[in-house]
Amino acid sequence: MDSFVHFPAQGVVVCSECKHAVLPSHIDAHLKDEGKHKAVKADRERIIQEIQAIRGLKTKRAELNHLVFPPASNPPIPILQEPRKDGLQCQLQDQYGNPCVYIACQIQKIQEHCRHVHQWENPQKKGRPEIGRDVQVPWRTGVHCQHFFVRGPGAQYFEVQAEGSSSAVPSGDVDLDAAKTALKQAMQQAEEEARRQITEPEEAREPNPWLRRVGWVEHLGAFDRKELRELVAPVKDDEPELDVLCRAFDWLIQDAQYHCIRPVVGLEALFEANRKEVDKDVRMPFDSWMDITTVKAYTEVHKQLLRYIFRCKDIEPEKRPGFELTERQKMAIDDVWANIEEFVWWKEEQGGSGSGAEEEEGELDEGIEWMGRIQRQILQLWIALLNQPLQDDEYKSVLISGLAVLGMREDDGWLDAEDYTPKYSAVIKLARLMVVQEAYERRREAIAHYESRGLSAKKADSHYVLTRRLVHAFMTMAHDGKDPKPMQWLYRSRSYGFKIRYTTTAEGKIQWIGDDVLYPKIRFSMSQFRGMIHGLVGEAREELFKKLMIVRVGADQKVPPIYCDRIVDQPSETRVGWSFLDDERNQFVACKQWWLYERMYKEEELRGQFMDAGKLKREAVAAY
C-alpha cells in the first residue's frame, strides 16, 4: 500500500506521510492533494483496490466513535504526529463504573465534557478565585497524547507514555494473555454498544432517501436495537401461547386460500378484493394462489408482526415504540390472548403441551373447534389493525410500527428497498386474502342467524357486497374526505420502494486485483476461470455424446451435425404437444425419431446394451 500502514486492532489505515488515518472512502481525494501526494490515477486505483481488500476496516464515520485505543502504558506511535504534552484527562467514571479515558487539550472542552457527560458542577463561581484557595478539578494535566484522525469522529486523543520514561509495569512482569483478554473484552463491549444504537448511515458517504422516506430511524432511534429485534424473534420454548397464536394464523391462511376462489365467493368479489382506488375499474381479479415458499415467507412476516404486538402488550408505553392502540384493537388483543391462555390450560389438562406440529393431525374435535374460534378472533384483530385512521402520524399504527422493526438487519444495518419491498407485498397480499375470508365468515354467520330464526338464507348479504363494504372501508386510498388507513401508507411506500428498486444501479459485487477476481468470499484467477469453463464444456460433451446420443467421439463413429443457425420456430402453431422439431425445416439426422432405434439393429454394441433375443431390455431402457 506504499505510504499507508494498516492498524488491525483499530481497523484503520494511516498515511505515513501525513501522519494521520484516512477512511477508505476518502483515499482517492487524499491522494489527489497536489500539495502532498500528487498521485496519478493508476497509482490511486491500485492503492484503493489494495485497501478495499483488507478485512475489518472501518468504513463509516459513525464507527469511529468506538475506536479501540492502545493501552496508556504504550510508547508513542512513530507513524502518527508527535504527541501533545498539554493533554487534560478526565478522572471520573463512565456509566459502567469504568475510568473515563476522555482527553482534551483545551480547558473549555474538558469542562464541557465533565458537565454534560458526568453532570459535574464547577465549584469555582464567576469572578476571580480567592487567593490561597485550591480549586479541585476532576481531571489531570500534562498528559502526553496522540490521535489517529485530525478532525471529526475518530479524533479522540489517547494517552501514551512520555518520551524517555519507562512503562508503568516492567515489561518482564506483563501478563500478555490477560492484556489481550482485557483488550478483547473492551472491543466487544464497544461493538455491542454500537450495535445497540439505532442510527442512519453516514449521509455524506451513503445518502439514503429510502430511510428518510420510511422514517424508521426517527421512530425507533430512542430504543435498544437488540431489545427491539427480540420482540419479533421466533417463539421460545417458554412461550406456548405465542406458539398457538402463530399456528392458528397458519391455519387461518390455509382456510382463507380454500375460500378465496371463484366457486366459493364468486368472480366479482375477487375483482373487488383487488381494488386499490374507489373511482377506478379493476382489471384483474385477486388471485390467492401462492407457491409454498411464498406462503411461508408471507406468513412469517405476519407472525413476526403478531409476536411484536403481543410481546409489547405488557410493556410500559414509554419503554416501547410510540404506537397507540384503538379501543377496538385492545379488546381484540385481550380476547385473542384470553382464549389462547384457556386453550393452553385445557391442552395441559389433556396431557399435551399446547404446542408442537406433531400434535396437529391428532387434535381432538374439541381442540380443533377451539382453534377455529382463535382463528376467527385473530382475523377480527387483523381487520381492526387495518381499519385504523392514521390521521397525522402513521406510526401511531402498531402495524406500521412493527414493519419498521422488520426493517432492521441482523448485522446492525437497515434493509434497502430491494430487500424490504417483499415485506410490504406480503402484508398487502394477505390483507386482501383476509378481507375475502372475513366476508366469507360474515356471510356464513348471517346465514346461520337467519336460519335459526326460520328465515331464508337469501336475506344474508352476498360475498360481493360484504367484500366491497370492507374494501371501501380500509383497503383503498383515502376518499370522501376520510383519513388514510395503513393500506394507503403501504401502497405508497411500496411504490416508492419499487421506484428505487428498478431505477437504482445495483452495487458492484466483483473486484479485480491484477489477474484475480474477487466475488464476495471467492477469489480466483482468470486461468482458473477458463479451466472451469473448459471443464463444463467437457462434462456437457460427455452428457450429450456419450450418454444421450451414445456416440464414441474419436472412434470411427461421427457425431451427426446439428445446424443451430438453421433452426426455425413457428410461433403461430398452437397445437398441444407440438415441438419445433416437428417442423420439416428442422429435420436433422440426429433429430429423427427412429435414429437411435435403427442404430440398435446396425451396431452390435448398442444391440447388446439395449436388446436381448430381439426384445428390448426394460431395465436398460429405463436407465437411459
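The legends below describe close-up views of a predicted model.

**View 1. Three strands, β1, β2 and β3, form an open antiparallel sheet.**
The strand order is β1-β2-β3. β1 (4-7) and β3 (20-22) are the edge strands; each has a single partner, so one side of each is left without a neighbour in the sheet. On average, neighbouring strands here are turned by 40 degrees against each other, direction ignored. β1 and strand β2 (residues 12-15) run antiparallel and are joined by 4 bridges. Within this part of the sheet, H6 stands opposite V13 of β2.

**View 2. K19 sits in the loop between β2 and β3.**
Its phi is positive, about 65 degrees, although K19 is not a glycine. Most residues other than glycine have a negative phi. K19 counts as partly exposed because its relative accessibility is 31%, which falls between the limits of 20% for buried and 50% for exposed.

**View 3. A second open sheet has 4 strands in the order β5-β4-β6-β7.**
Pairing in this sheet is antiparallel. At its edges stand β5 (103-104) and β7 (158-159), each with a single partner strand, so one side of each has no neighbour in the sheet. Strand β6 (residues 139-146) pairs with β7 over 2 bridges in the antiparallel sense. Q146 has F158 in β7 as its bridge partner. In general, strands of a sheet pair through backbone hydrogen bonds.

**View 4. D224 occupies the loop between α6 and α7.**
D224 counts as buried because its relative accessible area is 18%, and the limit for buried is under 20%. A polar atom of the D224 side chain lies 3.1 Å from the backbone nitrogen of E227.

**View 5. D480 lies in the loop between α16 and α17.**
Helix α16 covers residues 463-474 and helix α17 covers residues 486-503. The phi of D480 is near 55 degrees, a positive value in a residue other than glycine. D480 counts as exposed because its relative accessibility is 69%, and the limit for exposed is over 50%.

**View 6. Strands β9 and β10 pair as an antiparallel hairpin.**
Strand β9 takes in residues 516-519 and strand β10 residues 522-525, with 4 bridges between them. Y519 stands opposite I522 in β10. The hairpin has 2 residues between its strands. In this hairpin, P520 takes a positive phi near 30 degrees.

**View 7. Nonpolar side chains form a surface patch that includes I533.**
I533 is placed in helix α18 (residues 526-548). With a relative accessibility of 35%, I533 counts as partly exposed.

Note on methods:
Residues are numbered from 1 along each chain as its sequence is written. This is a predicted model: local features need pLDDT of at least 70, side-chain atom pairs count only at pLDDT 80 or more; totals for chains, interfaces and linings use all residues. Side-chain values use heavy atoms; hydrogens and water are left out. Buried means under 20% relative accessible area, exposed over 50%, partly exposed in between (1.4 Å probe, protein chains only). A polar contact is a pair of N or O atoms within 3.5 Å; within protein, one must be able to donate a hydrogen and the other to accept it, and residues adjacent in sequence count only if both atoms are side-chain atoms. Patches are made of residues with over 30% relative accessible area and no salt bridge: like charges are joined within 9 Å, nonpolar side chains (Val, Leu, Ile, Met, Phe, Trp, Tyr) within 5 Å. Accessible areas come from the Shrake-Rupley method with a 1.4 Å probe; for residues, only the protein chains shown count as cover. A salt bridge is a side-chain nitrogen of Lys or Arg within 4 Å of a carboxyl oxygen of Asp or Glu. Two strands pair if DSSP finds at least two bridges between them. Axes are lines fitted to C-alpha atoms, for helices over the stretch in contact, and angles run from 0 to 180 degrees between N-to-C directions.
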